Amino acid sequence: MSDSWDVVVVGAGIVGAACARECASRGLRTVVVEGSVVGGGATAAGMGHIVVMDDSPAQLALTRYSQDLWAHLAERLPANVEFETCGTLWVALDEEEMEEVRRKRAVYASAGVASEILDSDALEEAEPHLRRPMAGALLVRSDAVIYPPCAAAWLMEEAMRAGAVLSGPRRVVGVGAGRVRLDDRSELRGGRIVVACGAESAELLPEIPVRKRKGHLVITDRYPGLVRHQLVELGYLKSAHSLTADSVAFNVQPRKTGQVLIGSSRQFGDEGAAVRTEIVSAMLERAQFYLPEIGACSAIRTWTGFRAATPDKLPLIGRWPGDETVLLATGHEGLGITTSLATARLIADALTGATSEISTQPYLPARFFGERRVAGFEVDPPQQRSEVHA
Amino acid sequence: MREEMRPVLLTVNGRSVEVAEGTTVAAAVLISGAPTRRSVSGEARAPLCGMGICFECRVAIDGRPHQRSCQIVCAAGMDVRTL
Amino acid sequence: MFDHPSAGVVAAEKGNERLELRYGKLILATGARELFLPFPGWTLPGICGAGGLDAMARGGLPVSGKRVVVAGTGPLLLAVAAHVAARGAKVVAICEQAPLRSLIQFAGRMLGQPAKLAQGIRYRWAVRAPMYFGCWPVEARGDGALEKVTLRTRLRRWTVTCDFLACGFHLVPNTELAQLIGCRIEDGLVAVDEMQRTSVENVLCAGEPTGIGGVEMAVIEGQIAGLAAAGALNEAGKFVPRRRKMLGFVRALREAFVLDPELRRLASDATIVCRCEDVVYGDLRRYSGWRDAKLQTRCGMGPCQGRICGAAAEFLFGWCVEGVRPPAFPVLVASLATASTVSEEVQEGS
């Protein structure tokens, strides 16, 4: 193996694999170092949605850009990626939440994202098994779901076809000054290092403000047709936005297999991979509230994973001012699958000096440089390595 | 096991099947001549382990899918559908 | 039982109801399942476990007049052949994968266990079928259901017509609940002391999960565990020498029926290994370990939670299958959703 690379990507999750593919396709000599298996961390633990989200204009711009990139790729994706444009229904319980539906529709429209408002009857027709009555919903038809481990593997294969090399399993213990140090005491040298190892990135660069935010998921046996769209409660916004409290929200997906994937939960401070009964209970009670028939379905597996959360809920994409050879591609929290392709574009643009299609400013890690503490978000010391199971 | 001759009448895929009391639903399905389920790629399947571990014996009973038929004893009037 | 939410509490599902049981002592008596090895055609209806066919027959499946091949390995084969023959089945062949030499050695070591030896001989006499050693099925065929099985020994291959193939390659201990609770596992078995206590306080384990030893051994261990759990350690201690005496049998069993490495070549690339998700051997062998294979192929992601394919993959690829999480068995979403509905004070349960 060549001892000097243009780019060393640390982490072969979906973000690292996408970065490698983009870099290699632009002619950069690229190596990816992975400590475990391709797509085995947060990539395997996540729900796998390709969604447009409007928490902030920057989030909307990034998710929309990336969703377009996925849509262009869809035809080429192998069947095991299970890409399905099932759409998202943001479901409203009452008139107050219908206000949010209308607000959301206007915001999406301003960004060129088509969406439709369903009234109570239309929602009942679209999702006959939802609780009744519901006030209505916002339908975003362009949202999709995928099976992320196979998506990451395919992106990695594409990268390798374009000349990238996958090295592993080898654990990275340090990065900086154009070097990536491995646990076998060897080194990889690269002009640039892209740190794309999700919540574990802070173990390599303790000063970056990325924290582990634990999530739980449950999947059922196959019940084709029980759910047709991704369903999200509008209360999700309230819980997902809170940076402190443990929270659960109703979010289910129909998988191509006919299984129903049930989420979601968000916790700070619990860094063990163990499934917590009380969190699973709370999450499933919420699911039963919205989808009463789910209670009679057979739950076959539960698992946990760790999102890489940042203080402003935007990812860290681009140069890290702490070391001129290091770029970050992390901090995607719950949107790493969606925004992986856009992240890869922005990273490769930065590496090749190309102009990006969207403004990169909101995602530049420089926004946190020099801050040891950010309001409401204490930066912890390097954290214990924890395993993420699928 | 006592095999009393009191028959139990149930339906498998809409067809009447008469079995001895104490017969498992899995046995009733096989007596009816049907496989218990189609696999995800469409193969016909029948019970493998006979002890509730392999899940090959899954059928719908009275409208509830994914019931392990080898662990359930037939009851009069049961509506069994193979999956 | 599907979860152990905290020390002293187990969650179980009974029918459609979740039970939460508080315990002072917990005895795990989770038994074992058969090991199934994939070979071309093994998913056809009509092919089931050796113990599987026995259980199905006891559950009312008529076998009278049916042609049955019993195959695999272990003392269970003769017992199953005898049981189904007693129900009127025509056993056409008994195929033991172990060589005759191993069986003769095993019988020799059984001289100290005359009751077991006599039982084996009785079973053998009860079945008028040829018994082959170093023999196993290599292919099954049929149109929608089993019609023919091809058998092999070192010297020949031949095909027999049959209605059932009862095939199990001995036993895999059910250690999932012990793993979920956090009990120490050694060489795939739940580690226990002389009093059947596991590494977790107040949790005991008896029977096959602590070592495949058959029913007599399990009964002795169950007596020790029960007495120890009740605090009668002196009484329990009286059974310990009897258990120790049985260890020779356990070792003999393990050594006699060790799987022939040739069996790793039974599956072809198109042979399904994971029956829940229909994942074939050829897709699995590209991966370096269970987790990678599982994530990329869905192997073990179905409702059996990898109990069938995981055990096969351990043998076929030498992979380490790990990671038990609640629910240890599929349960209703409603059962997982309710933290506490019914509470019962109990001493033991599994």
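This is a predicted model: local features need pLDDT of at least 70, side-chain atom pairs count only at pLDDT 80 or more; totals for chains, interfaces and linings use all residues.
Buried area is the accessible area that two parts lose on being put together, summed over both.

Chain A is divided into three parts: domain 1 comprises residues 4-46, 148-210 and 312-378, domain 2 covers 88-141, and domain 3 spans 211-309. The discussion below concerns the boundary of domain 1 with domain 3. The centres of these two domains of chain A, taken over C-alpha atoms, lie 27 Å apart.

The size of an interface is often given as the accessible area lost when the parts come together. Between domain 1 and domain 3 of chain A, the buried area is about 1300 Å², and carbon and sulfur atoms contribute 59% of it. In terms of residues, 17 from domain 1 of chain A are in contact with 15 from domain 3 of chain A.

Charged and polar pairings also cross this boundary. Three salt bridges are found between domain 1 and domain 3 of chain A. A salt bridge joins A:Glu333 to A:Arg213, with 2.9 Å between the closest N and O atoms. Five residue pairs are in polar contact across the interface of domain 1 and domain 3 of chain A, both residues of each pair being at pLDDT 80 or more.

On the side of domain 1 of chain A that touches domain 3, at least two residues each come from α2 (42-45) and β20 (377-378) of chain A. The largest share, three residues, is supplied by α2(A).

Notes
Residues are numbered from 1 along each chain as its sequence is written. Chains are lettered from A and ligands numbered from 1 in the order in which they are written. Side-chain values use heavy atoms; hydrogens and water are left out. Domain bounds come from an automatic or database domain assignment. Contact means heavy atoms within 4.5 Å. Buried area is the accessible area (1.4 Å probe) that two parts lose on being put together, summed over both. A salt bridge is a side-chain nitrogen of Lys or Arg within 4 Å of a carboxyl oxygen of Asp or Glu. A polar contact is a pair of N or O atoms within 3.5 Å; within protein, one must be able to donate a hydrogen and the other to accept it, and residues adjacent in sequence count only if both atoms are side-chain atoms. Helices (H or I, at least four residues) and strands (E, at least two) are DSSP runs, numbered from the N terminus.
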